[in-house]
Amino acid sequence: MLRLERRPLPSARMRLLAPLIAALLMFVTGFAVFALLGKDPLAACAVFFVKPLTSLYGLGELLVKTAPLLLCAIGLAIGFRANVWNIGAEGQLTIGALAGTGVALAFGDTESHWILPAMLIAGVLGGMAWAAIPALLRTRFRTSEILTSLMLVYIAQMLLAYLVHGPWRDPDGFNFPQSRMFNDWELLPILVDGTRINLGIVFALLLAGLSWLFTDKTHAGYRLQVAGLAPAAAAYAGFSEKRNVWLALLISGATAGLAGIGEVAGPIGQLQTTVSPGYGFAAIIVAFVGRLNAFGIVLAALLMSLLYLGGEQAQIDLGLPSAITGLFQGLLLFYLLAMDAFVNYRLRRVVRAPAASGAAA
Amino acid sequence: MSGLHTLRRLTRLRSTLTAALFAGFSAFAYAAGAQAAEPLKVAFVYIGPVNDAGWNAAHEKGRMELQAALGDQVKTSYVENVSEGADAERVIRQLAADGNKLIFATSFGYMQAALKVARMFPKTVFMHATGYKTAKNLGVYEASTYEGAYLMGVLAGGMTKSNTLGYVASFPIPEVIRNVDAFTLGAQSVNPKIKTKVIWVNTWYDPGKERQAAETLIAQGADALCQNTDSPATAQVAEQKGVYACGWDSDMKKFAPKAQLAASVVDWGPFYIKTAKDVMAGTWKSGDTQWGVAEGMVKVESLLPTIPATTRKAFDAKEQALHDGSFQVFQGPIKDQSGAVKVTAGSALDETQLRSLNWYVDGVDGALPK
């Protein structure tokens with residue numbers, strides 16, 4: 001008989017292994033799903049996980065899609081470590097895109113090297129401003145940032161809809177809901193010819209490195225960590241909870257805002273009614289699959305990005321529905337949560353005590 | 001890989017031949033007839049799920065009609081739920097790189113992406129629905145859904161008792177404003193006293209919001225509703241409250257058996273078949289296609305049997321007139337809300353004016369959101 005029993009100490013090894021086992025189980029289940037759908041599982045897996053990466057363009061797309069996921073997830077992870085639950089990265093991303101676009105449109109067709117940096121800074125500030133609202137509500141009125149940050153996503157999306165349908169609509173665009181196309185000097189430079197790889201991925205990797213330094217090497221990072229692991233100890237040590245909440249939300253708002261302006265000044269090239277297919281929400285999964293650790297998050301973001309590309313390729317080559325992407329993402333999160341149980345618990349084989357069997361006889 | 005190579009070489013050779021033979025035709029009209037054995041690969045890109053009972057379902061039905069009609073000559077595939085942001089360009093490019101020679105991008109927001117990829121794949125034909133930018137190998141196409149809206153208006157105008165009609169509208173873009181106007185003009189053609197009240201829900205698909213909007217319109221006295229959104233929610237509310245409704249993009253009779261006056265549906269099939277045949281024959285040319293009732297792309301079907309004979313007659317007459325081209329929805333005289341004449345008697349709006357239309361006709365209540 002098997003019994004689940006509490007470990008005396010959470011297993012550090014299991015903490016590392018859980019995401020790897022979850023990913024493996026996801027592959028195995030995916031294999032079975034492909035077989036059930038009547039596809040050759042090996043060929044299907046090759047289409048899903050390998051084919052998107054067999055061309056330079058495909059590799060580029062992997063990075064293009066990784067950038068916003070990684071940026072959002074890094075910021076969120078810093079908050080999650082401190083028990084600050086920013087669920088609204090999608091909204092902060094949207095406002096970042098709006099703020100940066102506002103700068104571009106304000107300058108009109110004036111060409112200058114300073115416009116792109118100004119747009120990026122505006123994007124960061126926009127994301128921070130949007131994240132400051134839940135921070136203020138939490139520290140002032142003890143309102144749950146989970147609810148407020150989530151609700152602000154929808155407000156941000158309405159604001160985006162208003163601007164692209166109204167004041168920021170392209171005057172030459174027959175009334176359609178989109179801004180004018182950005183000029184060349186308002187776009188992030190392409191790094192590799194023949195792909196869409198732009199500076200966004202460089203920012204994302206740089207910030208992943210900085211976030212590692214921040215959490216592991218600075219006192220502010222340490223304070224956030226303690227607040228998350230042991231709130232009472234943090235309070236006893238005199239760490240200000242308010243300061244932590246502000247710091248966590250502003251950082252995650254900043255990175256999400258940068259992701260937003262990176263999308264419109266990158267692969268999209270204009271402001272449209274849709275800026276992101278839900279990167280801000282997917283980044284929550286990325287942060288957890290990556291164990292809230294900078295290096296883990298980089299790997300998780302790459303995997304998540306591949307799931308998107310693979311889902312598209314499976315539709316094209318295998319005629320599978322687009323739900324296949326959601327299926328794999330769901331499997332990954334599901335197995336991760338299941339595996340996480342084994343960080344604190346372990347399976348023990350229970351052998352019946354001989355005394356008991358003797359009594360029965 | 002080598003097969004693809006040969007195909008490409010063949011294509012190139014053939015294109016040179018064609019260009020020589022049909023000087024004057026654009027060079028990319030490469031006549032895929034060369035690969036008689038090889039089916040023409042045709043791909044579709046959808047903004048939503050194929051089973052949405054609305055816009056995407058209609059395109060998917062068109063794809064299946066194409067596959068059924070041309071059988072072995074074509075090989076069709078689709079990608080659904082493709083977001084209009086950064087993803088569209090990758091998906092369209094991937095489809096082109098995988099050897100699809102005809103690609104239909106079926107949402108407005110794919111315009112820039114289609115334009116960019118069309119430049120990279122000059123020998124592939126791209127067709128973009130509801131857009132306005134064309135290129136040598138990028139054509140645009142659209143259904144004159146406003147003709148359907150006009151005919152629904154004729155029915156609604158004939159049936160209303162309160163002389164108040166309601167319209168659940170999505171986004172204030174020309175395509176939708178045009179439908180509100182056409183619906184109102186159609187109703188006025190049988191009942192000059194009617195007013196149309198409009199609620200903008202700023203979404204294509206949100207049953208909750210659509211339901212609320214429909215309830216509000218009924219509370220304001222509307223007793224015949226139409227919608228330019230994708231779910232059957234408006235028709236369902238009408239059924240519950242005992243007023244009339246329209247089916248839009250697909251027949252919604254099963255959701256509103258007593259309320260649905262008729263359904264205005266779009267049949268993309270014939271157009272997809274024609275386009276594929278043109279590409280195979282090498283006669284495809286870029287351009288702007290707008291098909292309506294006359295071409296059988298827009299159809300009003302499933303009319304409620306209880307519609308009285310007078311209204312039915314008015315409907316049949318207008319449908320016939322649209323069919324034979326003796327009548328256009330936006331032919332003068334038409335006044336806007338301020339009473340200013342926008343279209344003079346004897347003239348009609350041309351395609352460019354229709355595509356950028358942004359004013360309400362007289363008879364629509366309220367101001368257009370800016």
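This is a predicted model: local features need pLDDT of at least 70, side-chain atom pairs count only at pLDDT 80 or more; totals for chains, interfaces and linings use all residues.
**A tour of chains A and B**

The crossing of α4(A) and α10(A) is right-handed.

**Stop 1: α4 and α10 of chain A**

Select residues 241–268 of chain A, which form helix α10, and display α4(A) beside them; the two axes come within 6 Å and cross at roughly 55 degrees. That angle is why α4(A) counts as oblique to α10(A). To see the contact itself, colour the residues on each side. From α4(A), the set is Ala89(A), Gln92(A), Leu93(A), Thr94(A), Ile95(A), Gly96(A), Ala97(A), Gly100(A) and Thr101(A). Among the residues that α10(A) brings to meet them are Ser252(A), Gly253(A), Ala256(A), Gly257(A), Gly260(A), Glu263(A) and Val264(A). Sorted by class, this contact has 10 nonpolar, nine polar and one charged residues.

**Stop 2: α4 and α5 of chain A**

The contact of α4(A) with α5(A) has 18 nonpolar and eight polar residues, with no charged residues.

**Stop 3: Ala227 of chain A**

Which helix holds Ala227(A)? Select residues 219–229 of chain A: this is helix α8 of that chain, and Ala227(A) lies in it. Ala227(A) counts as buried because it has 25 C-beta neighbours inside 10 Å, where 20 or more are required. Leaving aside residues up to four places away in sequence, Ala227(A) touches Ala82(A), Asn83(A), Ala234(A), Phe239(A), Glu241(A) and Asn244(A). A distance drawn from Ala227(A) to Ala237(A), C-alpha to C-alpha, reads 10.0 Å, and the two are 10 residues apart in sequence.

**Stop 4: the whole of chain A**

Zoom out to chain A, which has 14 helices and two strands. Its C-alpha trace spans about 95 × 60 × 35 Å along the principal axes. Of the 361 residues in the chain, 48% are buried. Among contacts between residues at least 6 apart in sequence, 77% join residues at least 24 apart.

**Stop 5: where chain A touches chain B**

Show both chains. How many residues does each chain give to the contact? Chain A gives 25 residues and chain B gives 28 residues. On the chain A side, select α3 (56–81), α6 (145–165), α10 and α12 (294–318), the elements that give two or more residues. This side of chain A comprises 11 nonpolar, 11 polar and three charged residues.

**Stop 6: the two domains of chain B**

Colour chain B by its domain assignment: domain 1 is 2–144 + 268–291, and domain 2 is 146–265 + 300–355. In the contact, 12 residues of domain 1 of chain B meet 11 residues of domain 2 of chain B. On the domain 1 side, α2 (55–70) and β11 (288–291) of chain B each supply at least two residues. The largest share, three residues, comes from α2(B). By class, that side of domain 1 has five nonpolar, five polar and two charged residues.

**Stop 7: α8 of chain B**

Finish at residues 233–241 of chain B, helix α8, where Ala233(B), Thr234(B), Ala235(B), Val237(B) and Ala238(B) are buried. The elements of chain B that cover these buried residues include β6 (164–169), α7 (207–219), β8 (224–227), β9 (245–249) and β10 (260–266). Gly242(B) follows α8(B), and its phi is positive, near 70 degrees.

Conventions. Residues are numbered from 1 along each chain as its sequence is written. Chains are lettered from A and ligands numbered from 1 in the order in which they are written. Domain bounds come from an automatic or database domain assignment. Two residues are in contact if their C-beta atoms, placed from the backbone, lie within 7 Å. Helices (H or I, at least four residues) and strands (E, at least two) are DSSP runs, numbered from the N terminus. Ala, Val, Leu, Ile, Met, Phe, Trp, Tyr, Cys and Pro count as nonpolar, Asp, Glu, Lys and Arg as charged, and the others, Gly among them, as polar. A residue is buried if 20 or more other C-beta atoms lie within 10 Å of its own, exposed if 12 or fewer, and partly exposed in between; C-beta atoms are placed from the backbone. Axes are lines fitted to C-alpha atoms, for helices over the stretch in contact, and angles run from 0 to 180 degrees between N-to-C directions. Angles under 35 degrees count as roughly parallel, over 145 as roughly antiparallel, 65 to 115 as roughly perpendicular and the rest as oblique. A crossing is left-handed if the near helix is turned anticlockwise from the far one by less than a right angle, and right-handed if clockwise.
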